[in-house]
Amino acid sequence: MIAFFVKRFFQAVVVMFVISLISFSIQDNLGDPLRELVGQAVSEEERQALREEMGLNDPFLVQYVRFAKKAVQGDLGNSYFFKKPAFEVIMKKLPATLELVFGATIIIVLFSVPIGVYSAINPQSWFSKTVMGLSIVGISIPVFLTAIGLIYLFAIELGWLPSYGRGDTTNVMGFWETGLLSADGLKHLILPSFTLASIMLPLFIRLIRAEMMEVLQSEYVKFAWAKGISPRRIYFLHALKNTMLPVITVGGVQIGTMVAYTILTETVFQWPGMGFLFLEAVNRVDTPLIVAYLIVVGAIFVVTNTLVDLIYGLVNPTVNLAGKK
Amino acid sequence: MPLLEVNNLEVCFGLRSGAVKALRNVSFTLERGERLGIVGESGAGKSVLGFSIINLLSRPGRISSGNVHFEGYDLAHLAPEELRSIRGNRISMIFQDPMMTLNPVLTIGTQMVECLLAHRKISVVDAKRIALKKLQQVQIPSPEKRLDQYPHELSGGMRQRIVIAIGLLLDPDIIIADEPTTALDVTIQAEIMDLMLNLCEQNNVALILITHDLGVVSQVTQRMLVMYAGRIIEQGPTKEVINDAQHPYTQGLMNALPQMAIPGQKLNQIKGTMPPLQRIPKGCSFNPRCEYVMDICEQKLPSFTESGNCQVACHMVAESKQDELLGNEV
Ligand SMILES: Nc1ncnc2c1ncn2[C@@H]1O[C@H](COP(=O)(O)OP(=O)(O)OP(=O)(O)O)[C@@H](O)[C@H]1O
Ligand code: SF4
Ligand SMILES: [Mg+2]
């Protein structure tokens, strides 16, 4: 187990290093930060002096090492716009985004597993055929259309659900603003979560169906039938457990990707998360904030991948996390 | 009354290109405790026959006509729940490749206990006790350890022993073994075959052994069926069929055995290949490959002729028997 985490830790370090390198080097290409910091009236000499003072004229490597040293301590520089540490600004928005991803994940699991399994078991039923048809359509609908459709139906026409913001939030443990503990917060979460989930849901249904159909053809499932055990046990233990192995792997990557899709969803629903903030930061050329966002997203990737590997190891006995013989 | 009686069994595969018949007019019986061998070329329909006995054909296969009588039931027309109570309980199966037969994500114990619990109202503790007893019977080293292990922790030979133990769990009346040793190391093959033979003899279990290996058939079975293109073409006591094959195809199989070849010469393979199910010739299916082919062979399907204790589906054999009879009368 320790070996697994040590290995994972080094992988994480490498990933973070690459991300930091990338995010740092785009700093140069996003316009002149001085324009944001100082007014038009400042003369060229003064600008030059300021550049020198900020270290903007130093060689790339020197600048990077300075940046990395600070970054390791959680100091990614001050946001030009908020005049506060960029990392702090991002972390304040992290709960909103993570809760959105969490909501979407729950929805995906809740829907894709039963639907995928059912349509694998009964591939000829009208339900399966309808689902397969819809999932093709679903994949090709852009997120913002889904969002607008949902808002129109549930917020405007029916008036059941709010269409923007997070609603009431509760502070837990001092740093986490959660919307999950109040009815109002949960209500606000529904439409954005469904929107975000809608991107991945068709894909997961199809993936689970395809994997399950393949597993149902396997010799060990046939042998299970020959043993005379109940269909329920065959489908939901013998077949499903094997189906989930590849699904977990793909799913982990997709959850990471979903973080990127939050940018769109959060914008449409005015969801006060990192993605929304990121878009604002790009508009304002708030480079420290952009860099901080990229690094935090990178960290989320690393963490989800580690979790996925752990879960995979728990389900699949042939993977040996502990390294025991 | 025989333990198992298969009558005019016909199996269809509904393919996109049209339905093909993988089994035609298959009839045979099996007595309690009897060991029956099924041989024939690859694609002859041996596995399809094995699976159709417990009505477990994978889609798009189905039994299109005929019966499988077992203890007063017709397995070809039985409700799923009743079939389930017979599968693994009264009739169990052993598959070809032990690497693929066991579920990779469940422990051996789980896979054994679930089978017992599906058919008997006993506690998990009792089920485990029985499972352990069966593991001892199949002579697995340190059986106690195995229940908590996963299939990947065991060798192919051990896995097949476990599959056999699962087959024996409920003391079935019949075991259908579809090439149970083909996937194993040559050195282990004989061991596993011996084990199966002993266990069947000790427990008076009837065995249907599907195999390519005529040597094994002659050692293990008392009666045998020879299949060709979905039909039984010869059946009878194993000794008679092996020592005095009547059907030209069976003779061809015997001559193709390595022991029959003259050292230094090529093996005497039967020329040609078995036709695909869509293109089985009219008359005797074997006629394009038969050296004794006659006009009638291309017109009329041969019916079974009694020859000694065997039944042979061949016009030539039928004619020579006829001649014998006439000769006797004169
Ligand atoms: N699922 C299926 N769909 C279509 N055709 C099938 C299917 N399963 C078997 N067949 C056909 O049925 C015929 C008999 O196959 P079967 O597996 O019984 O042969 P076999 O005698 O067991 O051969 P082998 O010695 O290779 O195991 C073959 O022609 C095969 O193509
Ligand atoms: S019936 Fe004719 S073709 Fe068929 S095996 Fe006999 S002799 Fe050969
Ligand atoms: Mg076969």
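This is a predicted model: local features need pLDDT of at least 70, side-chain atom pairs count only at pLDDT 80 or more; totals for chains, interfaces and linings use all residues.
Residues are numbered from 1 along each chain as its sequence is written, and chains are lettered from A and ligands numbered from 1 in the order in which they are written. Local features need pLDDT of at least 70 and side-chain atom pairs count only at pLDDT 80 or more, while totals for chains, interfaces and linings use all residues; side-chain values use heavy atoms, leaving out hydrogens and water.

**Stop one: the interface.** Select chains A and B. Here 27 residues of chain B are in contact with 22 residues of chain A (contact means heavy atoms within 4.5 Å). About 2300 Å² is buried between the two chains, with carbon and sulfur atoms giving 63% (buried area is the accessible area, 1.4 Å probe, that two parts lose on being put together, summed over both). Now pick B:Phe95, B:Val105 and B:Glu114: they supply 24% of the area that chain B buries against chain A, more than any other three residues.

**Stop two: the ligand site.** Select ligand 2, then the residues around it, including B:His247, B:Cys284, B:Cys290, B:Cys297, B:Cys314 and B:His315 (a residue counts if one of its heavy atoms lies within 4 Å). This shell has eight nonpolar residues, three polar and no charged (Ala, Val, Leu, Ile, Met, Phe, Trp, Tyr, Cys and Pro count as nonpolar, Asp, Glu, Lys and Arg as charged, and the others, Gly among them, as polar).

**Stop three: the lining of the largest pocket.** Finish by selecting α2(B), which gives the most to this lining, with four residues (helices are DSSP runs of H or I, at least four residues, numbered from the N terminus; a pocket is an open set of points on a 1 Å grid over the protein atoms alone where a 1.4 Å probe fits, with protein on both sides within 12 Å along at least five of seven lines, and lining residues have an atom within 4 Å of a point). The lining residues divide into 14 nonpolar, six polar and seven charged.

Methods
Helices (H or I, at least four residues) and strands (E, at least two) are DSSP runs, numbered from the N terminus.
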